[in-house]
Amino acid sequence: FEWNAVPYSSLFPEPDETFLLVYPNPATGPITVKWEDPEIKELQIYDSKGALVKNITLEQEQLEVSLNVEAYKSGVYFLRAHNLVKKIIISK
């Protein structure tokens, strides 16, 4: 019989501050974006061709924002926060 111990850190990892939550998705109106990393200072929205559509400067230690995307055309967009990227689908 051989005993193999599993490190505690692999059972209960440190909280991940790299998540980015976007809802509702697909969206027809305003969307809410949430994250846990207080170092995120800006959000960028890009269209499916990679063109910057909007740059949003955040308040210090802000962890949530509501964005009005009603004026955007239907399609696929990408929300970037630091090194995180989420696909957003806008449908009218």
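Which residue forms a salt bridge with lysine 34? The partner is glutamate 64, with the closest N and O atoms 3.9 Å apart. A salt bridge here is a side-chain nitrogen of Lys or Arg within 4 Å of a carboxyl oxygen of Asp or Glu. This is a predicted model, so local features need pLDDT of at least 70 and side-chain atom pairs count only at pLDDT 80 or more, while totals for chains, interfaces and linings use all residues. Residues are numbered from 1 along each chain as its sequence is written, and side-chain values use heavy atoms, with hydrogens and water left out.

Searching the whole structure turns up one salt bridge. The pair ties together distant parts of the chain: lysine 34 sits in strand β2 and glutamate 64 in strand β5 (residues 64-67), 30 residues apart. Strands are DSSP runs (E, at least two residues), numbered from the N terminus. Side chains of opposite charge can pair when their charged atoms come close. Lysine 34 has a relative accessible area of 28%, so it counts as partly exposed, and glutamate 64, at 42%, is partly exposed too. On this scale, buried means under 20% relative accessible area, exposed means over 50%, and partly exposed is in between (1.4 Å probe, protein chains only).

Strand β2 also holds threonine 32. Threonine 32 counts as buried because its relative accessibility is 16%. Leaving aside residues up to four places away in sequence, threonine 32 touches Leu21, Val22, Tyr23, Glu64, Val65 and Ser66, where contact means heavy atoms within 4.5 Å.

Aspartate 37 is buried yet has no salt bridge, and the nearest side chain of opposite charge, lysine 41, is 7.4 Å away. For charge, Lys and Arg count as positive and Asp and Glu as negative; His and the chain ends are not counted. The side chain of aspartate 37 does reach the backbone nitrogen of glutamate 39, at 2.8 Å.

Then there is an open sheet of four strands, in the order β4-β3-β6-β7, with antiparallel pairing. β4 (52-57) and β7 (84-90) stand at the edges with a single partner strand each, so one side of each has no neighbour in the sheet. From one strand to the next, the twist averages 20 degrees. Two strands pair if DSSP finds at least two bridges between them; β3 and β6 (residues 75-81), which run antiparallel, are joined by four. Tyrosine 46 has phenylalanine 78 in β6 as its bridge partner.

Conventions:
Polar contact = N/O pair within 3.5 Å; in protein donor to acceptor, adjacent residues only side chain to side chain. Axes fitted to C-alpha atoms, helices over the stretch in contact; angles between N-to-C directions.
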